[in-house]
Amino acid sequence: MNPHRGRARRIIPAMLPPAPTRFHRDDPCLDTILDCLRPGPDQPGQVPTVVVHGIAGIGKTALALTAAHTLATDYPDGCLFADLASYGDNEPVPTTQVLDTFLRILGLDGDAIPADEHHRVALYRSVLSGRRLLVVLDNARQSRQVKPLIPGTHGCAVLITSRNSLPALDADAVVPVGPLAASAALRVLGAEPEAPSPDVMKVADACAGHPLALRIAAALLDGNPPATAAELAARLSTADRPAEVLQDDERRLADTLSAALISLSALDGTTIAHLALHPGPALAATAAGWLLQQPAERVATDLARLHRSGLLTSDSHARYGFHDLLAPLARDLAGRRMELGPRDAGLRRLVAGYLHAVRAASVTLSPYRFQPAPAADPPAGPLAFDSRAAAVAWCFTELDNIVALIKLTFERHWNAACWQLAYWMRDYFFLSKTLDRWIFTHRLAVEAAERDADLWAQAVSHNNLGLGLVEIGDVDTGMTHFRRAMRTFGDLGDTLGQAVTYGHQAWANYCLAQYVLAQRQVARAVSLYQQHGDQRGCAINLRTLGLINMNIPGADAEAPLLRSLRVFADLELPLDQAMALNCLGELHLARGSHRKAARSFADAVRTARNCLSEQEHARGLAGLADVATASGHDWIGQMLRHAAQCVETQPQPAESAQLIGSR
């Protein structure tokens with residue numbers, strides 16, 4: 001008879017697989033795990049538990065194994081390890097089977113292990129009582145898989161990896177694993193982060209910090225025969241699905257990532273397929289609701305769950321997107337799961353939502369500007385912003401998405417939506433001086449309006465494009481667009497459009513130092529604006545006239561500037577006020593009236609800061625620096641000039657970016 005039958009022999013398990021040899025991670029994930037799982041003061045009944053979660057292949061197991069090997073000496077009674085195999089083609093390992101394996105490893109004979117799961121759990125926890133042991137559970141799918149495997153008494157600890165965050169587990173720490181930092185990615189590829197070759201940098205960029213992608217790329221570069229970095233970089237840059245390039249004899253990145261999509265439920269698969277239609281880098285719940293034709297609150301719950309599962313990334317603005325390598329595979333899923341009609345309908349709802357949101361931002365930033373009828377009905381309710389700051393923040397956050405949508409509408413020949421999105425974004429472009437996107441989007445807008453033979457849309461798009469070109473210093477090309485706009489407005493008999501164009505031409509001629517011609521064009525613009533009762537248009541041109549007259553001997557520059565400033569104050573147009581105040585400061589400085597100049601520049605700085613104009617803020621600070629220098633306070637001027645440079649280079653704030661009425 002076996003004397004040990006029915007009781008566990010004292011065996012110290014050592015089930016950990018080897019630690020990874022190419023593990024490089026510069027973020028604090030490892031420290032978080034170690035801090036949580038290192039034994040602390042005895043607290044009866046508490047078992048420290050950590051969940052490491054993230055997308056397939058992102059390095060969860062490598063991180064967990066590195067942590068477990070580091071902690072080995074803290075758990076003298078050994079380490080249990082189980083791969084629950086919850087993903088891929090195989091069925092997950094049953095909990096009863098894991099318990100059977102653990103109990104045998106812990107020293108029990110097979111015939112002493114009960115068949116019933118509840119009895120196995122009780123026996124497992126009894127055997128672990130009083131021991132200091134680490135349990136590592138890899139590839140869990142659900143909390144209910146791992147709960148029976150958590151010891152019941154203090155002294156043990158549990159480390160779990162999953163594509164989900166397993167919220168029902170109430171773990172002590174939930175550690176999201178994201179892409180590797182650039183320096184760590186380069187080290188995986190065998191390069192020195194301080195001096196990588198351009199081709200290795202391209203490979204690292206294409207892998208987007210994904211550890212499995214990087215390890216496969218490293219194997220390809222080290223292979224027999226090895227691929228050159230230039231060859232691999234070229235293949236990755238030209239591939240529609242870069243994940244399919246990254247495969248060696250035993251690993252295919254595309255299979256790993258696709259398995260995560262294929263295993264989705266019907267509901268989550270539909271959500272992912274719709275999200276993949278979005279052409280931009282990330283989208284908020286509001287935009288996802290437009291795509292799915294569902295309330296944003298309901299969609300937000302689904303997005304959060306998919307983020308916890310590792311299929312979506314998330315940013316600080318609560319927007320969700322795909323990892324760069326997963327995005328093309330998600331689009332493939334959309335192609336398989338959705339017919340062309342539903343895909344088209346979803347995109348049209350998305351475009352309609354953005355159309356009305358961008359229009360709402362334009363109305364908030366420039367309330368007196370003419371607003372054409374939107375090319376589509378709003379997808380859900382009225383849209384508005386509760387403040388100018390909220391509109392600016394939303395445009396700042398959504399800028400890349402909107403530019404991508406303008407490109408998409410252009411490619412699909414949704415011409416009215418294309419030029420209207422650009423038209424309404426011009427107010428933000430003018431405020432933020434995002435000049436490259438201003439010009440790119442309005443070139444598309446001009447062509448889209450020409451396709452539709454929409455003369456008015458052509459004229460305003462030429463006007464807006466011309467103004468952007470003048471802003472970057474290409475005044476001659478800008479004037480070409482103004483002339484085309486003027487001819488078209490003349491053909492349409494649109495004198496208000498002509499007034500706008502005269503004002504733009506006057507500004508361009510001021511930039512070319514053609515002051516007398518610019519004066520005449522301002523006079524024509526003001527006359528036409530007065531016919532239409534457009535106070536803002538008159539004031540804008542009076543401000544331009546003040547600048548022009550500063551360069552013409554004997555001409556009155558102060559009176560038109562003061563008149564424009566009064567109108568902007570009455571109409572509550574802070575950006576225009578800040579611009580006029582800076583012009584007035586420059587006039588006083590040129591006259592040697594340093595006290596008046598300082599007061600005007602200081603008012604401009606305060607007003608520009610309130611209306612979120614970085615350019616006018618920096619311009620005012622630079623003006624104060626010039627006043628200080630002219631007054632003999634060189635050190636103050638240097639400080640202010642440095643402050644102006646800092647303002648010009650800092651990003652705009654992106655807070656309070658919530659749309660009202662889209663919830």
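Is F102 buried or exposed? In this predicted model, F102 has a relative accessible area of 0% and is therefore buried.

Planes under 30 degrees apart count as stacked. F102 belongs to helix α3 (residues 95-105) and Y124 to helix α4 (residues 117-128), so the contact ties together parts that are 22 residues apart in sequence. Y124 is likewise assigned to the buried class, because its relative accessibility is 0%.

A second pair has another geometry. The rings of F370 and W456 have centres 5.5 Å apart and planes at 70°, so they are edge-to-face. The cut-off for that class is an angle over 60 degrees. F370 lies in the loop between α16 (340-365) and α17 (388-411), while W456 lies in helix α20 (residues 455-471), so the pair ties together parts that are 86 residues apart in sequence. With a relative accessible area of 21%, W456 is partly exposed. The buried class requires a value under 20%.

Ring pairs link F370, W419, Y423, W424 and W456 into a cluster.

The description now turns to the strands. Strand β1 (residues 49-53) and strand β5 run parallel and are joined by four bridges. Within this pairing, V50 of the chain stands opposite A173 in β5. Strand β5 (residues 173-176) has two faces: A173 and V175 are on the covered one, whereas V174 and P176 are on the uncovered one.

Where does the largest pocket draw its lining from? The elements that give two or more residues to that lining are α18 (415-432), α20, α22 (495-511), α24 (535-549), α26 (574-591) and α28 (614-630). The lining comprises 46 residues, of which R426, L467, H504, R536 and I540 lie nearest the centre of the pocket. The volume of this largest pocket is about 1,100 Å³. Helix α20, which contributes to the lining, is also the helix that holds W456.

Another helix, α17, contains I402. That residue counts as buried because its relative accessibility is 1%. The C-alpha atoms of I402 and S613 are separated by 21 Å, and the two residues are 211 residues apart along the chain.

The cysteines remain to be considered. How many disulfides are there? The count comes to zero. C36 is in no disulfide, and the nearest cysteine sulfur, belonging to C29, is 13 Å away. A disulfide would require the two sulfur atoms to be within 2.5 Å. C36 counts as partly exposed because its relative accessibility is 22%. C611 is also in no disulfide, the nearest cysteine sulfur being that of C583 at 14 Å. C611 has a relative accessible area of 0% and is therefore buried.

Conventions:
Residues numbered from 1 in each chain as written. Predicted model: local features only at pLDDT ≥ 70, side-chain atom pairs only at ≥ 80, totals over all residues. Heavy atoms only, no water. Buried < 20%, exposed > 50% of the residue type's maximum accessible area, 1.4 Å probe, protein only. Pairing = 2+ DSSP bridges. Phe/Tyr/Trp six-rings, centres within 6.5 Å; stacked < 30°, edge-to-face > 60°. 1 Å grid on protein atoms, 1.4 Å probe; cavity = no way out; pocket = protein on both sides within 12 Å on 5 of 7 lines; lining within 4 Å. Points joined across faces, edges and corners; volume = space filled by probe spheres on them.
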